[in-house]
Amino acid sequence: MTDLAVLSILRAACALFVLIGVGVAAPVSAQQQVSGGLAELVDDAAPAEPLRVGVGVKITQITGVDQKAENFGVVARVRMRWKDEALAFDAEELGRSIKTLSSDEFAKRGRDYGVHIPVATIENQQSRSFVKSSVVTWFPDGTALFTEEIILTLQAPDFDFRRFPFDHQNFYFRIVANGPTNFLKFEPLAEASGLGDTLGEEEWLITDHWTEVDEVEGISGFTSSRFSLGFSAHRHLFYYWARIFVPVTLLIIIGWANLFLEEYRRRIDIATGNLLAFIAYNFTISGELPRLGYVTFIDALMMSVFILSVTSVVYNVALRRLSMAGMEEKARAMDWHTTHWGYPLLFIGTVVVLRQIFFVNSTLFPLH
């Protein structure tokens with residue numbers, strides 16, 4: 001290849017590099033200009049004071065909690081209250097001191113007359129909702145009240161079931177304004193927020209609820225106001241003690257009592273039967289345990305008990321083999337220590353280790 005050809009190739013490569021660089025840099029610069037210009041337009045269009053809207057949510061029913069899908073269903077009453085002088089009217093002239101329209105009709109008329117409409121979105125809604133009732137009522141001084149009763153499913157991505165069934169969970173109902181904060185700001189309505197007396201949820205026990213308002217990135221891309229109703233809950237534990245922990249403890253006690261028998265062949269039969277009983281019991285309750293992508297406390301406990309049951313069978317077989325090999329005294333000596341303190345200490349130690357992993361220092365062995 002001649003020097004002239006090499007020089008031509010280098011020139012072409014440089015030209016291509018410059019072209020690509022300009023093509024990449026130009027859209028970024030244009031995008032920055034558009035974004036900056038849009039922000040300026042929004043600021044110029046914003047009113048002197050944002051519309052302040054009081055928001056309240058009351059959950060009257062919890063229709064279900066799906067642990068695997070990490071969501072929960074609710075029936076809720078949403079209320080919004082604001083004041084707009086454009087809504088004011090003369091009660092004497094009208095002959096009544098209240099006006100009421102459906103939400104859809106109010107939105108249509110409001111746009112025609114320049115009335116402020118606080119448009120918002122349920123941020124963690126996961127499915128289509130069913131609106132039972134939705135109306136707007138306003139009074140002579142321009143105070144408006146939006147009320148809606150709705151049935152929907154809410155996402156709960158913060159669920160963590162590693163401590164199941166001793167887990168505590170936080171549930172949220174979040175509403176975020178569609179407009180930026182310089183147009184619309186939320187304020188909590190404490191008197192209109194909370195939980196009903198008959199939620200219809202038998203598995204969970206509600207312990208506390210609260211409201212909060214913060215600012216997040218809204219669907220407009222700008223900072224928007226967000227209202228949240230949160231509540232914490234834990235499970236009714238009596239069911240799990242009666243259904244899981246007591247039967248498992250009894251199986252462990254049977255395995256321990258079996259060690260006090262002197263006939264090794266009889267021990268093997270009982271230990272094998274105990275193992276089969278545990279397997280059958282595990283299949284029975286498997287439908288009641290959450291199927292998750294990580295190990296929970298109850299999963300680890302059941303696995304540990306299974307390993308302990310299998311070890312008991314293997315241990316008794318080993319003692320039988322030692323006895324048949326003429327090492328009866330060695331087998332008896334080892335068996336005495338295992339029976340009187342080894343087996344119970346192993347089970348207690350297993351529970352202590354699981355408690356340490358899942359409750360005391362759960363970050364030591366991350367299970368996600």
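1. The predicted model holds one cavity of 30 Å³ or more, where a cavity is a set of points, on a 1 Å grid over the protein atoms alone, at which a 1.4 Å probe fits but cannot get out. The largest cavity has a volume of about 70 Å³, a volume being the space filled by probe spheres set on the points.

2. Lining residues have an atom within 4 Å of a point, and those of the largest cavity include Leu251, Ile252, Asn274, Phe278, Val305, Leu308 and Tyr343. H4, helix H5 (264-285) and H6 each supply at least two residues of this lining, and H6 gives the most, with four residues. The lining divides into seven nonpolar, four polar and no charged residues.

3. Helix H4 (residues 238-258) and helix H6 (residues 297-324) pack at an angle of about 15°, with their axes, which are lines fitted to C-alpha atoms over the stretch in contact, 11 Å apart. H4 is therefore roughly parallel to H6, a term that counts for angles under 35 degrees.

4. Where H4 and H6 are in contact (heavy atoms within 4.5 Å), Ile244, Phe245, Val248, Ile252 and Asn258 are the residues from H4, and those in H6 include Phe297, Leu301, Val305 and Asn316. The residues of this contact divide into 10 nonpolar, two polar and no charged.

5. A note on reading the model: residues are numbered from 1 along each chain as its sequence is written, and side-chain values use heavy atoms, with hydrogens and water left out. As this is a predicted model, local features need pLDDT of at least 70 and side-chain atom pairs count only at pLDDT 80 or more, whereas totals for chains, interfaces and linings use all residues.

Technical notes
Axes are lines fitted to C-alpha atoms, for helices over the stretch in contact, and angles run from 0 to 180 degrees between N-to-C directions. Angles under 35 degrees count as roughly parallel, over 145 as roughly antiparallel, 65 to 115 as roughly perpendicular and the rest as oblique. Ala, Val, Leu, Ile, Met, Phe, Trp, Tyr, Cys and Pro count as nonpolar, Asp, Glu, Lys and Arg as charged, and the others, Gly among them, as polar. On a 1 Å grid over the protein atoms alone, a cavity is a set of points where a 1.4 Å probe fits but cannot get out, and a pocket is an open set with protein on both sides within 12 Å along at least five of seven lines; lining residues have an atom within 4 Å of a point.
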